[in-house]
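Subject: A structure for you to explore

Hello,

Here is the structure I promised to pass on to you. Have a look at it first, and then read my notes below.

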Amino acid sequence: MADAPLFVGIDGGGTRCRARISDAQLNTLGEGVSGSANIFLPHSQVMATILAAVSEAATEAGLTTTDFSRMHVGMALAGAEDKRQQTALASRHWPFASVQIETDAYGACKGAFNGADGAIQIVGTGSVGLLLQQDECIRVGGHEFPISDQGSGAIIGLEAIRTTLLAYDGIVASSAMTDWIYHFFQQDSDEIVNWSKQAKPADYGRFARQVFDFADGGDPLAEEIIDRALVDVIAMINRLQQRGAKRVALMGAVALRMQPLLQQELGGLLVEPAADAMHGALLMVQERETVSGTESAVGCRE
């Protein structure tokens, strides 16, 4: 039906934003992807990013921008723990039937257990643990880079850059990893410093894959960085368990690289997620499908 409501799930992370358009039965009609949708970026940029992802999904679904007015959109966004930012973004003039904004962790946890109780540990550009049980929401970490996000791709990249400068200054012995990073910056420490003045978490996070690769190859400095990251992630998961988590789903690209080592330490506590954060955002917004107008609804109260 041309006037039937549509549901959209947004997974807006620090590196990329994904959108999924579904019908009332949550059958996928189309998907799209665009850049970073961290809520601490300029809201005009976040809005443009989300609209770009939804537009791409609409094209795949055979829809146009005229269909936006019948879309109920659930946005699971990085950084949405900040209620001031969340409210400000929700109050912008969106072209949709309704908007609900929550954290990326909340959407991911809803998706991981298909709306049931459970806990997740996200390790991507950022990191956060979240437990949903009996209508209670418990968050561990996720206070944003650089003061939090332990074990994340951004922190791994930051530590690699710091270690490279330590090697440049002769404080630590250089390694293949620091040599590669130094060469990446044209063998110029000033280039590293200048880059750092403008670098976002996603920029640091892009170095994480190389750090893992060097660690897998036996690079001692890379191994130290990954070992510290693993300790931090395990500490967050242990805290979730202390708060009552009986099963924890790992989510995020960095978590996938860590999974074999985490499995050795945590065993049967870890489970595979049932679905992704876009599905969680769809569940989130479908629960409020009768909401009229654009609003921000908070599902995770700490």
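**What I found**

Phenylalanine 207 has a relative accessible area of 5%, so this residue is buried (buried means under 20% relative accessible area, exposed over 50%, and partly exposed in between, with a 1.4 Å probe and protein chains only). Before going further, please note that this is a predicted model, where local features need pLDDT of at least 70 and side-chain atom pairs count only at pLDDT 80 or more, while totals for chains, interfaces and linings use all residues. Residues are numbered from 1 along each chain as its sequence is written, and side-chain values use heavy atoms, with hydrogens and water left out.

**Aromatic rings**

A pair of aromatic rings is described by the distance of the centres and the angle of the planes. Rings of Phe, Tyr and Trp (its six-membered ring) pair if their centres lie within 6.5 Å; planes under 30 degrees apart count as stacked, over 60 as edge-to-face and the rest as tilted. Searching the whole structure gives 13 aromatic pairs. In one of them, the ring centres of tryptophan 180 and phenylalanine 207 are 6.3 Å apart and the planes stand at 75°, so the pair is edge-to-face. This pair links distant parts of the chain, 27 residues apart: tryptophan 180 lies in helix H5 (residues 176-184), and phenylalanine 207 in the loop between helix H7 (201-205) and helix H8 (208-216). Helices here are DSSP runs (H or I, at least four residues), numbered from the N terminus.

Tryptophan 195 and tyrosine 204 also form an edge-to-face pair, with 4.9 Å centre to centre and 70° between the planes. Tryptophan 180 is partly exposed, at 31%. Ring pairs join these residues into a cluster whose members include Phe145, Phe184, Phe185 and Phe214.

**Helix H8 and its neighbours**

In H8, the buried residues are Ala208, Gln210, Val211, Phe212 and Ala215. They pack against helix H4 (153-168), H5, H7, H9 and H10, where contact means heavy atoms within 4.5 Å. After H8 comes glycine 218, with a positive phi near 95°.

Two packed helices are described by the angle between their axes and the distance between the axes. The axes of H8 and H9 come within 8 Å and cross at roughly 115°; axes are lines fitted to C-alpha atoms, for helices over the stretch in contact, and angles run from 0 to 180 degrees between N-to-C directions. On the H8 side, Val211, Phe212, Phe214 and Ala215 meet Ala222, Glu223, Ile225 and Ile226 of H9.

Helix H9 (residues 220-242) also packs with helix H10 (residues 253-266), at an angle of about 50° and with the axes 11 Å apart. H9 and H10 are therefore oblique to each other (under 35 degrees is roughly parallel, over 145 roughly antiparallel, 65 to 115 roughly perpendicular, and the rest oblique). Among the residues that meet here are Leu230 and Val233 in H9, and Leu261 and Leu262 in H10.

**Valine 285**

Valine 285 sits in helix H11 (residues 277-286) and counts as buried, at 2% relative accessibility. Among the residues touched by valine 285 are Phe7, His72 and Gln100. Between the C-alpha atoms of valine 285 and glycine 218 there are 46 Å.

Happy exploring!

How values were computed: Helices (H or I, at least four residues) and strands (E, at least two) are DSSP runs, numbered from the N terminus. Lists of a residue's contacts leave out its neighbours within four places in sequence.
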